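This report describes selected local features of one structure.

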Amino acid sequence: MDPSEETLRPPAPADGLVLLGEQPGSGYRTPPSLVRRADGQTVQLTRLLYLVLEAVDDTRGPAEVAEMVSTAYGRRVAADDVRVLIETKLRPLGLIRAIDGSDPEVTKPNPLLALRFRWVVSDPAVTRRLTAPFAALFTPLVVAAVLVAFTIISGWVLLTKGLASATHQAFDQPLLLLVVFAITIFSAGFHEFGHASACRYGGVTPGAMGMGLYLVWPAFYTDVSDSYRLGRAGRLRVDLGGLYFNAIVVLAMFGVWACTRWDALLLIIAAQLLQMVRQLAPMVRFDGYHILADLTGVPDLYSRIGPTLRSLLPGRWDDPRARELRPWARAVVTAWVLVIVPLLLVTLLLMVLALPRVLGTAWASLGTQSHALTIDWAGGDVAGVAVRMLALLAVALPVFGSLYILGRLVRRTTTSVWRTTRGYPGRRAVAAMLAVAMVAGLAWAWWPDANRYRPVERFEHGTILDVFPASSFGGPGLRDGQIANAPHTVWASTAALPTRAHPQLALVLVPKPGAPGATNGAHPAAAGSTAGASPTWVFPFNRPGAPGQGDNQALAVNTTDGSTVYDVAFALVWADGDSVTNRNEAYAFASCSGCRTVAVAFQVVLVVGDANVAIPQNLSGAVNYSCARCVTYALAQQLVLTVPGDLSPAARQRLESLWQQIETFSSGIQGVPLDQLRDRLLAFEDQIRTLVVDEASPGTNPGTAPPSATTPGATGTEPAGGGTATSTPTVGAGPGQVPPSQTGSDDPTPTAGVGGPVPSTTAPASAQPTTTSPTSAPTTPSASPSSAEPSADVTP
């Protein structure tokens, strides 16, 4: 015997070492053997190393160990081989004691997604006693009954009963919400009982149970390393045991609900379903990850990412590390890697880009919850205080988790790159340039500006594109060349106006550079202006175009504080051509304080004979721009009648006499209350319609109105005076305000593009007249102009 060997202490295994043996159902070509250290870490060994470790004790020297290994291995192993294997392989892994007999110092792997700060609640002996009664729940008949009942109850809750009443009751009674939260936490611990009980049912020993921190979130755990002794089916039963116990909680909560009828308990059922779905995700080390690992027989899937990616490079398919797996297992692992790596990278990118919005939202939510906490504390509401504390914790934890992940990732990446580029100046320079580019990217993504750290609003869609800082804010928008569906240019008086929380797609016209703004050749009407002149155009859109031949337009523009402006346009038009495209327009625009602006357009179109095209248009629009205490009102009323030919002299004389009365009424219209204007004009319409009907069909009852082509009516509730009064100014574009836009037309005819309404189709010309009812448009307050690029010269 070598003298030096006599002075050495025989090798001895480390304390707490457990030899698990060869892994059944392995996905490796040569199945590895597994060993569990005292710290719970499972180590894969080749068969030779496992035989050496199995033969080692504190009495056998290297020569004796070599003889035992040679017999079991079937090949000659020398004592020197044993020494080399012990010193270079087993001892660095912490499986053999140090030469002086002390316990080895091991460096436990520190993966990014690992449970930390573990606290043991029950040691293995206690766990075995606690889980023994639950093992019977894995009897096949019991499992089948539980799964059937679970399916029926889940479908009833989600598809029939619903969770609205449960949510209302839970948040209406904070004490019930605390009960729901407590039972949900308990069910998370009961989930771990499922894994341990499945171990007991399979005949292996569960380890310690406890809790720790997964990133920054509290989590429960169970040591089920001994399940590696089981076959693939047994390991899958252990993996699914936690989900099975979640199903048992669903049954139990349904039973309690059936007795108490507390709908809030149904939220626990929903929480169990969400937890089960989350646990099935194979992205992180949840149950889904372990299910996939046991299906493939590859214990640590994350360790296969590097070899798998390298094997996909040209000429590297036969990489030895990749060829360790059986073909089918390699195919499954490769597919998992190709899915999980892009998903992790995209998740990391979205986390980085969304961090400013998350911080802004968290800060706003913390302020809201802190204020509510102060109120509940002052009122002595113990349940409310507890709910607010939980809410503060729920808001803060995701933020800390995101910052913690990013910090650890940066530190690990920096350390790894620095270590791997040591001695390679060129590689280190490239790494430095990449680091500078990443810092520049972070500065672009995180640099504070007006909207970058704003809280997430409830109206935002939350799509992937929304996290990019360059994306637009404020809901839907328009891009150059984009055609949107039915953009609003006006709002009816009864329609809900857009707000910051509930925006609507709208068309806002702005002046084109150099566009004339000081004159209007149609209807000058402004208080304080000289005859024939219009006030300075201050509105953030182009003025309406001048009326064409056969058109009628009333345009009232008011920019003088405390003034009253009326513009009235009445017209009787005889249309005897092939096309009837007459337009009747009323526009009232105000930018002043304490002012009153009214535009009334009344047009009667008599269509003589047959017209091939009949597209009459009736438009009204009222705009308050930076107005305070304003009444702005626009009324457009159009009557279109068809007659087979010219009226008789008697009928024409009656019509001329009636029209003189209408013109007399128009000259004194300022003395008519706004809420009576439309009724008076409707009365005139009835008289004209009766006259035409009597002329066209002498036998027709004069009181019978002919069918109309379109029957939109003026809708809305108007204040005294007929318009919508604005009592307070709206400045800027803050929450609850509307950007500068047009408001007005109640005509239900849809708009097409930018120009105006899609004309409705009228009936063919006949002896029966057709009519178009009026539209009116009270105004709504609008905000001061916001900066925008000038658009093309478009007439609303």
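A residue is called buried under 20% relative accessible area, exposed over 50%, and partly exposed in between (1.4 Å probe, protein chains only). The model is predicted, with local features requiring pLDDT of at least 70 and side-chain atom pairs pLDDT 80 or more, whereas totals for chains, interfaces and linings use all residues. Residues are numbered from 1 along each chain as its sequence is written, and side-chain values use heavy atoms, leaving out hydrogens and water.

**Salt bridges**

Side chains of opposite charge can pair when their charged atoms come close. With a salt bridge taken as a side-chain nitrogen of Lys or Arg within 4 Å of a carboxyl oxygen of Asp or Glu, the whole structure contains 14 salt bridges. Three of them are listed here.

| Pair | N to O distance |
|---|---|
| Asp-80 and Arg-83 | 2.4 Å |
| Arg-321 and Glu-324 | 3.6 Å |
| Arg-583 and Glu-585 | 2.4 Å |

Asp-80 and Arg-83 lie three residues apart in helix α4 (residues 79–90), and about one helical turn therefore separates them. Helices here are DSSP runs (H or I, at least four residues), as are strands (E, at least two), numbered from the N terminus. Asp-80 is exposed at 52% relative accessible area, while Arg-83 is partly exposed at 29%.

Glu-324 is partly exposed, with 31% relative accessibility, and Arg-321 is also partly exposed, at 35%. Arg-583 and Glu-585, by contrast, are both buried.

**Cysteines**

One disulfide is present, a disulfide being a pair of cysteine sulfur atoms within 2.5 Å. Cys-592 is joined to Cys-595, with an S to S distance of 2.0 Å. The torsion about this S-S bond is about 85°, so the disulfide is right-handed. Cys-592 is buried at 3% relative accessible area, and Cys-595 is buried at 3%. Two further cysteines are buried: Cys-627 at 3% and Cys-630 at 0%.

Three strands form an open antiparallel sheet in the order β1-β2-β3. Strands count as paired if DSSP finds at least two bridges between them. Because β1 (18–22) and β3 (42–45) are edge strands with a single partner each, one side of each has no neighbour in the sheet. Four antiparallel bridges connect β1 with β2 (residues 33–36), and Gly-21 has Leu-34 of β2 as its bridge partner.

Ser-154 belongs to helix α6 (residues 140–161) and is buried at 9% relative accessibility. Beyond its neighbours within four places in sequence, Ser-154 contacts Val-250 and Leu-273, contact meaning heavy atoms within 4.5 Å.
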